[in-house]
Amino acid sequence: MEIETGLVMFGGAVAGTLHGLIAHGAVAVQAGRVVWVGAQSDLPSDYAPWPRQNLEGRLLTPAFLDCHTHIVHGGHRAREFEMRLKGASYEAVARAGGGIVSTVTATRAATEEALIAAALPRLDALIGEGVSCVEIKSGYGLDTQTELRMLRAARRLGQLRPVRIRTTFLGAHAVPAGFTGGPDTDSADAYIDDVCIPALRAAHAEGLVDAVDGFCEGIAFDTKQIARVFDVARALNLPVKLHAEQLSHMGGCALAAQYGALSVDHVEYATEADAALLAASGTVAVLLPGAFYAIRETQMPPIAAFRAHNVPMALATDCNPGSSPLTSLLLAMNMGCTLFRLTPDEALQGVTRHAARALGLNDTGTIAPGLRADLAIWNVETPAELAYRFGFNPLYQRIFGGEVCN
């Protein structure tokens with residue numbers, strides 16, 4: 001149902017995430033945008049004739065954004081889950097031919113239609129929890145043809161469901177199995193120059209890229225190799241993001257800050273010095289507790305340092321077939337609080353306001369006049385309940401661009 005003539009929602013708590021909780025709030029929506037928000041008692045008389053929806057004590061928040069996912073891929077890696085339970089580390093699985101490379105084989109074999117069909121249930125699970133925007137990365141093709149196929153599939157998902165899709169080129173995800181450079185060339189360097197960068201240019205030429213990412217880690221690429229990709233992204237006027245400091249400290253945060261990255265993601269091994277650099281560059285730290293949980297990490301992100309330096313912290317599922325097969329942003333919120341000791345308010349801001357910033361979006365993520373009417377109505381009374389429960393979905397209604405989606 002599209003809201004055409006305007007609608008006033010009232011009779012519940014409004015969590016704008018920018019101005020705090022309005023206990024007895026009201027929101028006016030028209031033409032897909034929020035036009036007014038405030039206390040119900042202050043509702044301007046201009047909106048008095050508009051149709052009204054009584055929230056009946058429910059909580060109204062911005063719709064969620066999942067700012068880090070890999071939901072387009074072929075196959076699964078349940079076998080690796082078993083291997084890790086028997087003691088194999090994430091690095092050991094990768095070096096044995098598992099990990100990212102194993103998903104590459106399945107993804108290369110899948111058609112675009114097959115990739116879409118496999119991704120839709122994962123996307124539907126996110127939408128069903130009040131998500132209005134999902135970032136989707138490539139990175140399981142590691143050749144031009146498959147990278148483009150993944151990005152095309154991601155774009156198609158946004159046409160098949162009422163959701164915004166942001167695509168991220170992640171060609172610098174891993175060196176594909178069997179790839180070698182020349183006799184005097186490192187295979188990772190050769191892959192960046194001969195495959196990754198040409199694939200990025202091709203994807204950009206086709207209009208398939210909203211941002212560029214890389215995996216800066218000992219099992220992937222170092223800072224100099226990532227910098228070459230970022231230089232091309234800068235020349236193409238594309239923003240950058242980075243998987244950084246997940247398994248070790250490689251200097252990825254410093255590199256991301258140098259390039260003014262939208263976000264650095266994982267950041268378990270980031271330092272206080274890194275936090276200062278991210279604060280200065282305006283880069284968001286994206287916390288991914290699903291991966292921390294799934295691979296049984298013990299090194300926690302430096303939450304206190306991020307708070308001390310006012311680094312915005314986003315939360316995301318990191319939905320992927322290997323290290324975080326998670327399709328619940330509500331559970332990611334609970335994990336963020338339980339594992340990383342975030343406050344419930346930090347968790348809510350992490351999946352709304354700061355998640356939008358991590359995607360470079362300034363028209364969503366909070367409830368304010370002029371912004372998109374991407375909203376979620378919950379069968380709860382307080383924001384803390386969203387992070388408090390797990391395995392339970394209290395969504396009552398999702399509103400996407402002014403359209404009510406039941």
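Visitor: Which residue stands opposite E135, and in which strand?
Guide: E135 stands opposite R166 in β8. The model is a predicted one.

Visitor: What makes β7 and β8 a pair?
Guide: Two strands pair if there are at least two bridges between them. Five bridges join β7, residues 131-137, to β8, residues 164-172. Therefore β7 and β8 count as a pair. The two strands run parallel.

Visitor: How do you know that β6 pairs with β7?
Guide: Count the bridges again. Three join β6 (residues 64-66) to β7, and at least two are needed. These strands also run parallel. Here D66 stands opposite V134 in β7.

Visitor: Why is β7 called mostly covered?
Guide: Buried means under 20% relative accessible area. Seven of the seven residues of β7 are buried. So the strand is mostly covered, by that cut-off.

Visitor: What is the order of the strands in the open sheet?
Guide: The sheet has eight strands, in the order β6-β7-β8-β9-β10-β11-β12-β13, with parallel pairing.

Visitor: Why are β6 and β13 said to stand at the edges?
Guide: Each has a single partner strand, so one side of each is left without a neighbour in the sheet. Neighbouring strands of this sheet are turned against each other by 25° on average, direction ignored.

Visitor: Which strands does helix α4 touch?
Guide: Helix α4, residues 112-127, packs on the sheet and touches β6, β7 and β8. The direction of α4 makes about 145° with that of β7.

Visitor: How do you know that β10 and β11 pair?
Guide: Four bridges join β10 (residues 241-244) to β11 (residues 263-266). The rule asks for at least two. A244 stands opposite H266 in β11.

Visitor: In which sense do β2 and β3 pair?
Guide: They pair in the antiparallel sense, over six bridges. G25 stands opposite A39 in β3. Their hairpin has two residues between the strands, and A31 takes a positive phi near 50°.

Visitor: Why is α5 called oblique to α6?
Guide: Helix α5 (residues 144-160) and helix α6 (residues 187-205) pack at about 40°, with their axes 9 Å apart. That angle makes α5 oblique to α6, because angles under 35 degrees count as roughly parallel and 65 to 115 as roughly perpendicular. The crossing is right-handed.

Visitor: Which residues of α5 and α6 meet?
Guide: T144, L148 and L151 in α5 meet V195, A199, A202 and A203 in α6. The residues of this contact divide into six nonpolar, one polar and no charged.

Conventions:
Residues numbered from 1 in each chain as written. Predicted model: local features only at pLDDT ≥ 70, side-chain atom pairs only at ≥ 80, totals over all residues. Heavy atoms only, no water. Axes fitted to C-alpha atoms, helices over the stretch in contact; angles between N-to-C directions. Parallel < 35°, antiparallel > 145°, perpendicular 65-115°, else oblique. Left-handed = near helix turned anticlockwise from the far one by under 90°. Contact = heavy atoms within 4.5 Å. Nonpolar A, V, L, I, M, F, W, Y, C, P; charged D, E, K, R; others polar. Buried < 20%, exposed > 50% of the residue type's maximum accessible area, 1.4 Å probe, protein only.
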